[in-house]
Amino acid sequence: MSWRTLRVAVPFVAAVAVAALPFVVSDTFLLKVFTYVGINVVVVVGLALLFGYAGQVSLGHSAFVGIGAYTCALATVRMHAPWPVAFAAAGIVAGAGGMVLALPSLRLRGHYLAMATLAFGELASLAFGEATPITGGVDGFSGIPFPSLGPLVIRSASGLYWLVWAVAGIALLIASSMVSLRPGRAMRALHGSELGAQACGVDVVGVKVRAFVISAVLAGLAGALYASVIGFISPSVFTVSASVTFLAMAVIGGTGSLAGPVLAAALLTLLTYLDALIPGISRQAAQTVQSLQADVYGLAIILVVLFAPGGIGAMWRRKSREGERA
Amino acid sequence: MSLLSVSNVTKRFGGLTAVDDVSFEVHTGTIKALIGPNGAGKSTLFNVITGFERMDTGSVVFGGSEIAQAKPRQVVRSGMARTFQNTQLFDSMTARENVMVGSQARQATGFAASAFRLPSARAEERVASDDAGRLLRMIGIHDWADTLASDLPAGIRRLVEIARALATQPKLLLLDEPAAGLNNTETHELVDTLYRVRDSGITVLVVEHDMGLVMEVSDEIVVLDRGRKIAEGPPRLIQKDPVVIAAYLGEEAVEDD
């Protein structure tokens, strides 16, 4: 099979496999695990645009997931808003937050931008815990209703799975269209050389702000999905270490690629639920792996940066280039 | 007719006056060269003209409008494109994609239109790709179209950057040391390219150290030394100008130490 056919066939087969999974897997917990994978994919698609294409680091993305989750919770529980409205609001409020975080990115680069976004994430995390009247504080926010579209309430494990993956699929389609056209080139140009991009008339400020806002909107929507699927949220979920995990997925997945980060998101998320995936594995072995999670992410990032800069995405591109030439 | 007129431009960095009260004009359809010893202020002047640096005093009028306060993006849109002394290509993109970025300023497809793959977005994509192919062919580097910029030899990188600048459809093309790092054959190809560019109606302003190239291609030369304009005129007069010779000899004497 040629690389050209592979490039069409692989996403198609993957989409069919993802859609068909609930027919094959009957275990509810396992379906939930794959639902979490889908939620993380939504976040990572946004980060892939921001980091992998536009070259802007964010160590604060769990803040946007949190903003989306709390917005959805408040809108549905306190304001009794219909779920689609709450879902949209989560994206909009998180997007506004993204615009705020875009401001330092206009002046800061590299490590300094990473520090600024880290501070933003830490502040948001503190705010979720301290603003008790609004967020329920450290005890969390419970009783968030299941997603519903009019009279249709989605509460079954397979229904939630399909909803989440539908959002992930749409996010991926939109993102892949963007990156293949003018905005994608503008983002990659910005990543490659800011001077060169300016000399080509690229609106550097506009592209950076848009990349931040789009990735924040996606993180916010993922947060709304998370809140509605679980029904309970607390500040302990939206921490800096969660942001690091998201960034790890984007880094390992690679720059200039969407498929790579999606694959990395799936692998790293599944790593957390090793005991659900491998039936025979002892509880202790699973716990050992989980306790080493942070170390594994850190090691993976270092290995990628040292031996495979560009991550999974770049490896795939290199192979497919060689494949085409052969 | 004067396409660009630079009047009394001064740029200081702290106590250093990098460009000191420089004035000159570039006439439509000509190739003008900006030369001078190292540190004469040529690149700074380029940056000031193209909006990458703010001048302290002076004025730059391009095609009848004042652009002294314009940002690089506005300068590009007004019809002026540039290359860099250290090529600023996008390494993860192919030569063709690099040139396609040059079409950005003339295109309208935003994030929203691209998200839904609107027909207008796809049509623009085809136009940009065709334009890029045409420019790469005109410059004679079409064989490299699908090579990643990071894999291109230095000489080809310079030419890709010129093609990218041309993709903005400029009236004036500013080249910052286009021959640096080129071998003899490549320099000859560059000369041909410059003539082709000029013959297609684009005015050229070039900073260059290669005196052979400068004397061959330019209609007029401006000589800078320590930020000041010390001479201006056609190549045959500049070659004989005692002030210019002194400036260059002075530099060599210092370098020999």
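At what angle do helix H3 (residues 61–78) of chain A and helix H4 (residues 83–105) of chain A pack, and how far apart are their axes? The views below are of a predicted model, in which local features need pLDDT of at least 70, side-chain atom pairs count only at pLDDT 80 or more, and totals for chains, interfaces and linings use all residues. Residues are numbered from 1 along each chain as its sequence is written, and chains are lettered from A and ligands numbered from 1 in the order in which they are written.

**View 1. Packing of H3(A) on H4(A).** The two helices pack at an angle of about 145°, with axes 8 Å apart. Helices (H or I, at least four residues) and strands (E, at least two) are DSSP runs numbered from the N terminus; axes are lines fitted to C-alpha atoms, for helices over the stretch in contact, and angles run from 0 to 180 degrees between N-to-C directions. The crossing of H3(A) past H4(A) is right-handed, that is, the near helix is turned clockwise from the far one by less than a right angle. Residues of H3(A) that meet H4(A) include A:Phe64, A:Ile67 and A:Thr71; on the H4(A) side, A:Trp83, A:Phe87 and A:Gly91 are among them. By class, this contact has 13 nonpolar, six polar and no charged residues. Here Ala, Val, Leu, Ile, Met, Phe, Trp, Tyr, Cys and Pro count as nonpolar, Asp, Glu, Lys and Arg as charged, and the others, Gly among them, as polar.

**View 2. Chain B as a whole.** Chain B has ten helices and ten strands. Its radius of gyration (over C-alpha atoms) is 19 Å, close to the 18 Å of the globule rule for 257 residues, so chain B is as compact as a globular protein of that length; the rule is 2.2 Å times the number of residues to the power 0.38. The C-alpha trace of chain B spans about 60 × 40 × 35 Å along its principal axes.

View 3. Strand E4 (residues 57–62) of chain B runs antiparallel to strand E1 (residues 2–13) of chain B, joined by five bridges; strands pair if DSSP finds at least two bridges between them. B:Thr10 has B:Thr57 in E4(B) as its bridge partner. E4(B) is also joined to strand E5 (residues 65–66) of chain B by two bridges, again antiparallel, and B:Val61 has B:Glu66 as its partner. Two residues lie between E4(B) and E5(B) in this hairpin, and B:Gly63 in the turn has a positive phi of about 55°.

**View 4. The six-stranded sheet of chain B.** The sheet is open, in the order E6-E7-E8-E3-E9-E10, with mixed pairing. Strand E6 (80–82) and strand E10 (228–233) of chain B are at the edges with a single partner strand each, so one side of each is left without a neighbour in the sheet. The twist averages 15° from one strand to the next. Strand E9 (residues 220–225) of chain B and E10(B) are antiparallel and joined by five bridges, with B:Val223 opposite B:Ala231. Helix H7 (residues 184–199) of chain B packs on the sheet, touching E3, E7 and E8 of chain B, and its direction makes about 145° with that of E8(B).

**View 5. The side of chain B that touches chain A.** 30 residues of chain B are in contact with 23 residues of chain A (C-beta atoms, placed from the backbone, within 7 Å). H2(B) gives the most to this side of chain B, with four residues. By class, the side has twelve nonpolar, nine polar and nine charged residues.

Technical notes. Two residues are in contact if their C-beta atoms, placed from the backbone, lie within 7 Å.
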